[in-house]
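Trainee: Could you walk me through reading salt bridges in a model like this one?
Mentor: Gladly, let us look at it together.

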Amino acid sequence: IEEALTILSKLYENANKCVREECDAGELIIGMKCGGSDGLSGITANPVVGAFSDLLVSKGGTTILTEVPEMFGAEQMLLHRCVSREVFDKAQAMLNEYRDYFVRNGQPVYGNPAPGNYEGGISSLEDKSCGCVQKGGSAPIVDVLPYAGQATKHGLNMLCGPGNDMVSTTALTAAGCHVILFSTGRGTPFGAPAPTLKVFTNQRLCDHKANWMDFNAGVVATGERTLDEAADDLYQMVLDTASGKLTSAERRGCHEISIWKDGVCL
């Protein structure tokens with residue numbers, strides 16, 4: 001801890017010398033994560049995030065998709081988009097190694113979804129996974145990163161990480177994300193080390209937990225905005241956040257971190 005504090009002091013000194021300057025949106029690296037999913041996650045918030053990802057990638061930007069266990073059952077929706085055999089093999093190995101990790105620790109591979117997911121209207125792991133992977137949009141997958149690996153290629157990346165909200169968003173921060181998009185249908189107040197925008201799936205959650213929300217994707221379900229229109233709105237919010245506008249979590253002082261521990265992390 002003493003050594004870490006010494007390093008952090010030096011990092012702080014360097015960071016304190018930084019000044020904000022204009023840059024192209026293509027320089028942004030945006031993480032994508034979901035948690036507390038419900039029956040609308042795969043209909044509103046996650047497709048909106050996916051359309052945002054495609055938009056940012058089309059402008060030369062970078063997005064990162066993680067939470068490997070929540071890809072199980074929907075892998076093919078991602079794997080056929082790998083740009084090369086090398087990237088495909090890395091993605092396949094990441095998925096298989098995570099399954100082996102469960103088995104080594106005596107845990108069921110399909111011990112998902114959570115009770116709250118069922119209460120929210122999700123029927124099975126495959127149902128949850130099909131919603132989860134939609135955050136990756138339709139762009140080609142350019143690279144697969146190990147846990148805590150850093151993104152070096154522009155485009156859509158996959159990152160090894162668990163479904164656990166704090167562990168995976170901490171990993172996205174370590175991967176270099178400037179902003180994290182966190183879609184949820186059940187709600188959560190947390191904030192990652194990087195600015196975290198909460199994308200709510202439904203109007204009811206927005207009404208009950210407005211102080212936790214940053215973006216209402218429920219407008220897609222109500223017909224107020226099309227999916228592409230909502231993605232454009234989210235894109236502008238990301239630009240505003242990257243330009244210094246505080247997220248709901250930042251306004252409430254929520255900055256949490258969690259490192260992947262020994263044993264199983266779902």
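Mentor: What follows is a short talk about salt bridges and their surroundings. This is a predicted model, where local features need pLDDT of at least 70, side-chain atom pairs count only at pLDDT 80 or more, and totals for chains, interfaces and linings use all residues. Residues are numbered from 1 along each chain as its sequence is written, and side-chain values use heavy atoms, with hydrogens and water left out.

Trainee: How many salt bridges does a search of the whole structure find?
Mentor: A salt bridge is a side-chain nitrogen of Lys or Arg within 4 Å of a carboxyl oxygen of Asp or Glu. Searching the whole structure gives 8 salt bridges.

Trainee: Which side chain does Lys-33 meet in a salt bridge?
Mentor: Lys-33 pairs with Asp-165, at 3.1 Å from N to O. Lys-33 sits in strand β1 (residues 29-34) and Asp-165 in helix α7 (residues 165-174), 132 residues apart. Helices (H or I, at least four residues) and strands (E, at least two) are DSSP runs, numbered from the N terminus. Both residues also belong to a salt-bridge network with Glu-67 and Lys-135.

Trainee: Is Lys-33 buried or exposed?
Mentor: Buried means under 20% relative accessible area, exposed over 50%, and partly exposed in between (1.4 Å probe, protein chains only). Lys-33 is buried at 0%, while Asp-165 is partly exposed at 23%.

Trainee: Where does Lys-90 lie?
Mentor: Lys-90 lies in helix α4 (residues 85-104) and Asp-143 in strand β3 (residues 141-145), so their pairing ties together parts 53 residues apart in sequence. Their closest N and O atoms are 2.7 Å apart. Here Asp-143 is buried at 6%, and Lys-90 is partly exposed at 33%.
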